[in-house]
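Colleague: Could you take me on a close walk through the loops, the domain contact and one of the enclosed spaces in this model? I would like to have the picture on screen while I read.

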Amino acid sequence: MAHVVELPGEANPLTSHNVLSALVLAASSSQHQVQTGTQQLQNWETQPGYYSSLQDIFLDYSVPGEVRYLAIIQLKNGIDKYWRKTATNAIKKEEKERIKIRALEAGIVEPAPLLALHNSLMIAKIMRYEFPQDWPDSIPSIIAFLRSSTQPGANPLQLPRTLLILLQIIKELSTARLQRTRANLQSVSPEIFRLLGGIYVEKVNSWGLLLEQGHADETTLLEPIEQSLVALKVLRRLIIAGFEHPNRDKDVQGFWGLTHSHFSKFLSFVENSGGLPPHVQRLIQKHLLQLSKLHVEMSKTHPASFALLPDSVPLVRSYWTLVMKLGETYEKLGSDGDSEEKTLTERIGLKALLLIRACAKMVFNPAQTFKYQTPQDKEEKKESVALIKTQLFTPDFVVNVMELLVTQFFKFRKSDFQEWEEDPEDWERKEEESAEAWEFSIRACSEKLFLDLVIHFKELLIPRLLNVFYTFANPENRDVLLKDSLYAAVGLAAASLEQHLDFNTFLERTLVPEVQIQEPGYNLLRRRIAILLGQWVPVKPGELNRDAIYTIFRYLFNKQDPLNDPVVRITAGRQLRNVLDPYEFSPAAFMPYAPSILQDLMALVQEVDLSETKMGLLETVRIAVVKMEDHIAPFSDQVLSLLPPLWEHSGEEHLMKQAILTLLSSLINSLKQDSVKYHSLILPLIRSSVEPGSETLVYLLDEALELWSAIITQTPRPAPPDLLALLPSLFPIFEDATDSAPQALQIAESYILLAPEEVLSDKIRFHLLVSFESLLKSTTRQRLGTVPRLVEMVIRCVEAVDGGNENTYNILARSLLDSSFLASLLEGLHSAHEASQTTGPNRKSSPVHGVVETDYLSILARLALANPQIFASAVSAATATPEEQALTWLVAEWFSHYDNIGSVSQKKLHALGLTHLLALNTTSSQSQSALAASSSLPSPPPYILNHLQSYLNMWTDIVTELAEGAGDDPNDPRSGDYLIFWKGGDPATTTATTTTSSATEVYDDNEPPETTRRREWDAADVIHKINIRDFIKQHLHALVLACGGEHRFQEDWLGNVDRDVVASFVGLGLF
């Protein structure tokens, strides 16, 4: 080992000596050697015998400690990656057996504590995978080691190391989600519990006796007290995870009673710890914390068992006694938020509050479960609820709890005021976050418990709360701390007090004067008033005096007032969001106050330093922008000027950039068409955020697309060039087919509505269809139907741009072919056709069916309706087959699917497209002139006319359906077709194909331009312009003429149709 040879990774064969050499390199201080050694170890990861070699080195005590440490880390990591049977390059069974047996045997005597810990973690991982099926003797072996470790002459390391291994195993198994794993743990829990409980009691008795006798020698005490602590940690987890019903086990009942006496005993040791060594004292405190954790976890995880275990109600009352003692000194204690500075009294007091809150939950809001409950389970649950409700939550207890919470734990302490002064912004942030982290803060937990009690004991607590409130809540009372606590209580209980407290009177007579009082300490009350208004306005949004509220906020934002320190103004900035957000908010009522409030708010955004605070205030600005709608216009320049510096200074803080983009989206939607003047500032942000390969793409894409969508929605025609230049940035998003694709598809739809000529341009059309083709193959539920609908819209663009020029349709058809979109679509339809031709157990399946097939055929219907000849040629080219062959199966599949179409609009579209195929052998000019002049036309191909019965069935179905609810006025173009849009007017100037539509009118002066465009687009759809009866009648008349007249048509074609089908169609009066 004195001389290490560095060879390329693959050059070294796998031997124990080479593995040791690589570990030495990886553990060295040289960066180059570390890289070389690490690379070599990675190359061996998948080779048989590698992990056994690592364990050999770990078990060699002559190897340096840092090398042994690296060996066990590598081995533990390998267990995670390669132990599962299904893992690629999984460790062989023989090697597994060797590793786990030696890990257990070596782990119980490992001298180095850190190495023993990682070895035990590795064993726990293996147990998660293998117990009990593949390692049935693991727990029995550990139990045997545990028994022998307490025998005379045993290795002194065996007991602590076995306890450590057992602790990690129980930790690992107790976190398993699989019921099988938990059941396996529960099967062995009783035996482990009995054995471990005995060890714990023996160790506690030994060191407890020494302390009672006055022997405080640290050397003598440390070993038994450390071992009892580890045993208690295991027992705590074992009781919670190892027993389905802990209250039914005799051993658990006995141990539960023991925890009561031990808690009192340990507490007395700590309280009278004058001569105890500090380390011993800390270990006893840890025993107390473990017991309190056990009590709280039991009340949460097994609420019924907690209530039914011996003396649980007296236990909770004992905890409450500790809370009362804590209340006496709470104001003088240290920081509320920093767990490292919390005293034992604070920690135990917090556990007590959590315990009482868990008891309230088990009574008033029990957890619901789908798990089967036996009659005994139900009876125990009912009994436990009755026990806690009657014996714990007595009226006196509930009142005492509320009074102590409000008068003591709602109050701020000296340490709070000190932090407020030293770093106001950070203190405010911690207070804002503490509401979410209530399980770690006494004040926040007290607020939650208070709210629970007020909700469930309204009749008892509200009169008492109001009595105290009316006594002290007036401007003459200068006890700021007490009033802050009272206002906090009234704010939390707003929903319960709304019918009992005249808040408007309190607002006008008390809060407005108090916010103007210039006395030291009133900054605390000003902060509370802002929070109080943020809590009450959402509860009574339409009844409170908004002028008084806005006046208060104007006072609170005034930086010139020395009492409005950063905490007051930041809190006001956050709470203003709750004031503005309710539905009842009136922009007009806010406008007189908006200039000063919004100016001060945006100045505050620039003043604060913490990103979290900036984002919280920006959210308030965003809410103001949304709620004020177009009234925000006078302030838009100021809002926009605020954002560029924030964007530049945010650096890698992508959450800030997300907040900025979200705010911009709201601003664009509020400004509507007036937002166009800001495009030059905003579009570069979108471009940089969606640029492929950019670092911000993964963080900002969704927000950037939302902003992009807002801009294009609010942009009037004609589209600005810089907005059109952004369109190609959609293509990479489509190609990635991520979760952002649906939003990108909505943007593409908006572009079609805004600038159809741009979509049809040579630089966009082909690339767009290529992107759609890639999405067509990876259609998910979120994109189902969207891509086909957009392609329909692209086809309709031809009519919107140049009135349906045949040459333009040819160009579009060529792009559909070159992009493979049409080929992919027809491939899917052909698979659907093949599936429909097979039956029985060997029937083929197709991903294209139901609504997917309807959407696919809708594209073909649009193309056929536009130009049948281009349609037929494109289908033939896409399938690389003659027209007759391609259209034969396609039309057959189309008709067979027709009855499965659910939307009447799509049914009409398909009927129009299929009907127009009857003009297949004519050019568009011939078709139009012939239909008008009733001149003869070439007859349709036989493979189309062969479906004449299907045509008659389809026509009968659609005409009958569209006639329901349609008018009977012969001058009404809607006659017989209720899908026709028609405003009315002179019938002479209104035909079935060119109707006057009210859809083009702007219904709302403030509606987004896209809403108007979308209504115009819908009104221009042939579905709403062509009367189905007239269309069928004209095509049928031309068909009869093309077939040589009515007699010839009857003889050659109609005679082959079922008489009932013909009779049903003739009854429509179209033939």
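Modeller: Happy to! Let's begin with Pro-132, which sits in the loop between α6 (113–130) and α7 (138–149); helices here are DSSP runs of H or I, at least four residues long, numbered from the N terminus. The model is a predicted one, in which local features need pLDDT of at least 70 and side-chain atom pairs count only at pLDDT 80 or more, while totals for chains, interfaces and linings use all residues. Residues are numbered from 1 along each chain as its sequence is written, and side-chain values use heavy atoms, with hydrogens and water left out.

The bond leading from Phe-131 into Pro-132 is a cis peptide, with omega near -5°. Another cis peptide bond joins Arg-717 to Pro-718, with omega near -5°, and Pro-718 lies in the loop between α34 (697–714) and α35 (721–724). One more loop deserves a look: between α13 (303–308) and α14 (312–329) you will find Asp-311. Although Asp-311 is not a glycine, its phi is positive, about 60°.

Now to the domains. An automatic or database assignment sets the bounds, giving domain 1 (763–836 + 845–895) and domain 2 (904–922 + 938–978 + 1023–1067). Their centres, taken over C-alpha atoms, are 23 Å apart. Across the boundary, 22 residues of domain 1 are in contact (heavy atoms within 4.5 Å) with 20 residues of domain 2. Together the two domains bury about 1,800 Å², 73% of it from carbon and sulfur atoms; buried area is the accessible area, for a 1.4 Å probe, that two parts lose on being put together, summed over both. On the domain 1 side, Leu-865, Pro-868 and Phe-895 lose the most area, together 36% of what that side buries. Salt bridges (a Lys or Arg side-chain nitrogen within 4 Å of an Asp or Glu carboxyl oxygen) between the domains number 0.

A cavity is a set of points on a 1 Å grid where a 1.4 Å probe fits but cannot get out, and lining residues have an atom within 4 Å of a point. The structure holds 3 cavities of 30 Å³ or more.

Note on methods
On a 1 Å grid over the protein atoms alone, a cavity is a set of points where a 1.4 Å probe fits but cannot get out, and a pocket is an open set with protein on both sides within 12 Å along at least five of seven lines; lining residues have an atom within 4 Å of a point. Grid points are joined across faces, edges and corners, and a volume is the space filled by probe spheres set on the points. Helices (H or I, at least four residues) and strands (E, at least two) are DSSP runs, numbered from the N terminus.
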